[in-house]
Amino acid sequence: MEAAGEAAPKALILFGPPGSGKGTQAKLLKQALGVPHISTGDMLRARISSGDQLGLEVAGLMQAGKLVPDETVNRLVRDRLAEPDCAGGFILDGYPRTLPQAEVLERELAGRGFDQVVVHLKVDYTIIIARIAGRRQCSLCGALYSLASHPPAVPGRCDHDGAELVVREDDREEVIRARLEAYDRQTWPLLEYFSASGHPFHEVNGSNESPRAILDRIRGLLAVG
Ligand code: AMP
């Protein structure tokens, strides 16, 4: 990560509940910093689309808003981090989500010599539910839209490639509630772990400002470590 004057966190962990804007910020940070964006959710969805064995195993859990087993995501991330484009740093979005995942990642990063920085995007649940309900994704390129704050120019069509915009299967309201419940029970306790880890840990209010303004805040925090 090499923007002028910016410190060089090797592994940037974007942490927060579903709908907090992790995916949007990860995409903006990827452009700004020129490092890969690693989203376990996107990797798992790609495996479901390809219809391979792993995809078949996780599809039911994901559609119910439940977490997939730690070993499955740990293996996906370990393999991804070994790819050459990760050597200069990367952004993790949606991983780690449980204490065992965080412990495995800690060892993995230490073993590979990466520093880590955690950014926690804090957003109220009422805002999250409204936000996810208005979320649409391009069925072709994965670009994200918000009907309220970032609608497509042509309703229902992606600005980049004109493909159809869809509601993600797990963005239906009853599934959102299950995902928030999984977050509360399994992921939220990680905040304590991160704040006690000794690695830089920052909190950003992701409720009100525009994605660009939040991006600037995050970059400002990265510049100080
Ligand atoms: P996301 O796109 O990050 O919201 O993830 C969508 C779904 O993928 C989650 O609701 C989980 O079912 C699964 N998933 C993604 N990342 C993880 C993870 N780190 N651990 C367990 N399950 C995950």
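Ring pairs join Phe15, Tyr183, Tyr193 and Phe194 into a cluster. The model is predicted, so local features need pLDDT of at least 70 and side-chain atom pairs count only at pLDDT 80 or more, while totals for chains, interfaces and linings use all residues. Residues are numbered from 1 along each chain as its sequence is written, and side-chain values use heavy atoms, with hydrogens and water left out.

## The aromatic cluster

A pair of aromatic rings is described by the distance of the centres and the angle of the planes. Rings of Phe, Tyr and Trp (its six-membered ring) pair if their centres lie within 6.5 Å; planes under 30 degrees apart count as stacked, over 60 as edge-to-face and the rest as tilted. The structure holds 4 aromatic pairs. Two of them are set out here.

| Pair | Centre to centre | Angle between planes | Class |
|---|---|---|---|
| Phe15 and Tyr183 | 6.1 Å | 45° | tilted |
| Tyr193 and Phe194 | 5.9 Å | 65° | edge-to-face |

Why does the pair of phenylalanine 15 and tyrosine 183 tie together parts that are apart in sequence? Phenylalanine 15 lies in strand β1 (residues 11-15) and tyrosine 183 in helix α7 (residues 173-187), so the pair links parts 168 residues apart in sequence. Helices (H or I, at least four residues) and strands (E, at least two) are DSSP runs, numbered from the N terminus.

Next comes burial. Buried means under 20% relative accessible area, exposed over 50%, and partly exposed in between (1.4 Å probe, protein chains only). Phenylalanine 15 and tyrosine 183 are both buried. Phenylalanine 194 is buried too, with a relative accessible area of 1%. Tyrosine 193 has 22% relative accessibility, so tyrosine 193 counts as partly exposed.

Helix α7 also holds arginine 177. Arginine 177 is partly exposed, at 47% relative accessibility. From C-alpha to C-alpha, arginine 177 and leucine 140 are 27 Å apart in space, and they are 37 residues apart in sequence.

## Cavities and a pocket

Rolling a probe the size of a water molecule over the atoms shows where empty space is left. On a 1 Å grid over the protein atoms alone, a cavity is a set of points where a 1.4 Å probe fits but cannot get out. A pocket is an open set with protein on both sides within 12 Å along at least five of seven lines. Lining residues have an atom within 4 Å of a point. Grid points are joined across faces, edges and corners, and a volume is the space filled by probe spheres set on the points.

The structure holds 2 cavities of 30 Å³ or more. The largest cavity has a volume of about 40 Å³. Its lining includes Tyr193 and Phe194, along with Ile13, Gln116, Ser197 and His199. Helix α5 (99-112) gives the most to this lining, with 3 residues. Helix α8 (190-195) supplies at least two.

The second largest pocket holds about 520 Å³ of space. It is lined by 19 residues, and the closest to its centre are Arg45, Ala46, Ser49, Gln137 and Arg168. Which element gives the most to the lining of the second largest pocket? That is α2, with 5 residues. α3 (53-63) and β5 (135-138) each supply at least two.

Histidine 37 lies in strand β2 (residues 37-39). Is histidine 37 buried or exposed? At 17% relative accessibility, histidine 37 counts as buried. Its side chain makes a polar contact with the side chain of aspartate 93, at 2.8 Å. A polar contact is a pair of N or O atoms within 3.5 Å; within protein, one must be able to donate a hydrogen and the other to accept it, and residues adjacent in sequence count only if both atoms are side-chain atoms.

Contact means heavy atoms within 4.5 Å. Leaving out residues up to four places away in sequence, histidine 37 touches Gly23, Ala26, Lys27, Lys30, Asp42, Ile91 and Asp93. Gly23 and Ala26 are among the buried residues of α1.

Helix α1 (residues 22-33) has 12 residues. Its reach from first C-alpha to last is 16 Å, close to the 16 Å expected at 1.5 Å a residue. The expected span is 1.5 Å times one less than the number of residues.

## Backbone details

Most residues other than glycine have a negative phi, and most peptide bonds are trans. Just after α1, glycine 34 takes a positive phi of about 70°. Tyrosine 95 and proline 96 are joined by a cis peptide bond, with omega about 0°. Proline 96 sits in the loop between β3 (90-93) and α5.
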